[in-house]
Amino acid sequence: MRVPVQRRLITQKIMWGGLIMCVALIMSMPTVRADDPPHSTKPVINLVTLDWPPYSTVNLPDGGLLSRVVTAAFDQVDIDHTIEVYPWKRALLNILNNRGFEAIFPLYDNPERRRQFLFSEPIGTSPLGFVHLRSTEFSWKNLSDLKEYAVGYVKGYGYESHLVAMLESTSMNSFGMRDDETLLRQLITGHVEVAVIDHNVARYLLRNNPGLRDAESLVIYNPHLVIEQTLHVGFPPSSQGLRQRDAFNKGLGRLSCMPPACIPDAVANIMPLRPETKAVNSQ
């Protein structure tokens, strides 16, 4: 049977159109070579932290001391991860409100944070104490001695619980700052007499921050620490968070050494060996 000319032309157009589409589809497909790596199927954990050198920062090798430990631990258990840096309050809100993150570090160990997160084994320690100007006569035995001074601290940090209670007491002449850099600036300019700060953080900022670099000779790192506080990775209190925390701890246990023994050269000079320090009498 003969096909009418008009119908035959339409049929031919459909055939040629289909052929062209097939060729285009084949051309658009990615070429797979024998040496192409397979698509990664490893799990990925998204972590959030703050800019807190030398522990976590974009300005040091490996993202800082604790970022290096976190990366090494996850590598041991073959888990990929990302680390994003935010101001501390925003970092906390991001993970507490489930905004795309599955872990946060570093966390001080205190009851409030234990209620919010599943804690990893320690990834390092923080020598928490006081810094003051050489011109300020400062000494203390108990935290109640702080009432005699104008004391600055960073809002939102989970310091040792007795210290937090003291700083937030109405009987204290205390001033909350947004970050450690601001705190040190307020100290140098005399707006506060004593700064509550991790000594390694203070030492790093006073040696490396352009606005503070000439001020280190003006301050004293008070040798009487509040506590050598452990630092942790926090995971949400869920079944997935529990699995991730346990996997991280497994990787952490495989590391050959921990800080301050394993540290990048760029921060080695600010991590001096220190004697063991216990929490002081809070009364």
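Which residues form one aromatic cluster? In this predicted model, the cluster is made up of Trp52, Tyr55, Tyr108, Tyr157 and Tyr159. Across the whole structure, a search finds 11 aromatic pairs. One of the pairs is formed by Tyr86 and Phe101, whose ring centres lie 5.8 Å from each other with an angle of 80° between the planes, an edge-to-face arrangement. This pair links distant parts of the chain, with Tyr86 placed in the loop between strand 2 (80-85) and helix 3 (88-96) and Phe101 in the loop between helix 3 and strand 3 (103-108), so that the partners, by their numbering, are 15 residues apart. Tyr86 and Phe101 are both buried. In a further pair, that of Phe130 and Phe138, the ring planes meet at 70° and the centres are 5.6 Å apart; because an angle over 60 degrees counts as edge-to-face, the pair is assigned to that class. Burial is again found for both partners, Phe130 and Phe138. At the N-terminal end, helix 6 is capped by Asp179, a side-chain oxygen of which lies 3.4 Å from the backbone nitrogen of Glu181. Just after the helix, Gly190 adopts a positive phi of about 85°.

Ala150 is located in the loop between strand 5 and strand 6. The relative accessibility of Ala150 is 8%, and the residue therefore counts as buried, the cut-off being under 20%. Although Ala150 and Ser174 are separated by 24 residues in sequence, their C-alpha atoms lie 5.7 Å apart in space. When residues up to four places away in sequence are left out of the count, Ala150 touches Asn173 and Phe175, together with Val192, Glu193 and Val194.

Conventions
Residues are numbered from 1 along each chain as its sequence is written. Side-chain values use heavy atoms; hydrogens and water are left out. Rings of Phe, Tyr and Trp (its six-membered ring) pair if their centres lie within 6.5 Å; planes under 30 degrees apart count as stacked, over 60 as edge-to-face and the rest as tilted. Helices (H or I, at least four residues) and strands (E, at least two) are DSSP runs, numbered from the N terminus. Buried means under 20% relative accessible area, exposed over 50%, partly exposed in between (1.4 Å probe, protein chains only). A polar contact is a pair of N or O atoms within 3.5 Å; within protein, one must be able to donate a hydrogen and the other to accept it, and residues adjacent in sequence count only if both atoms are side-chain atoms. Contact means heavy atoms within 4.5 Å.
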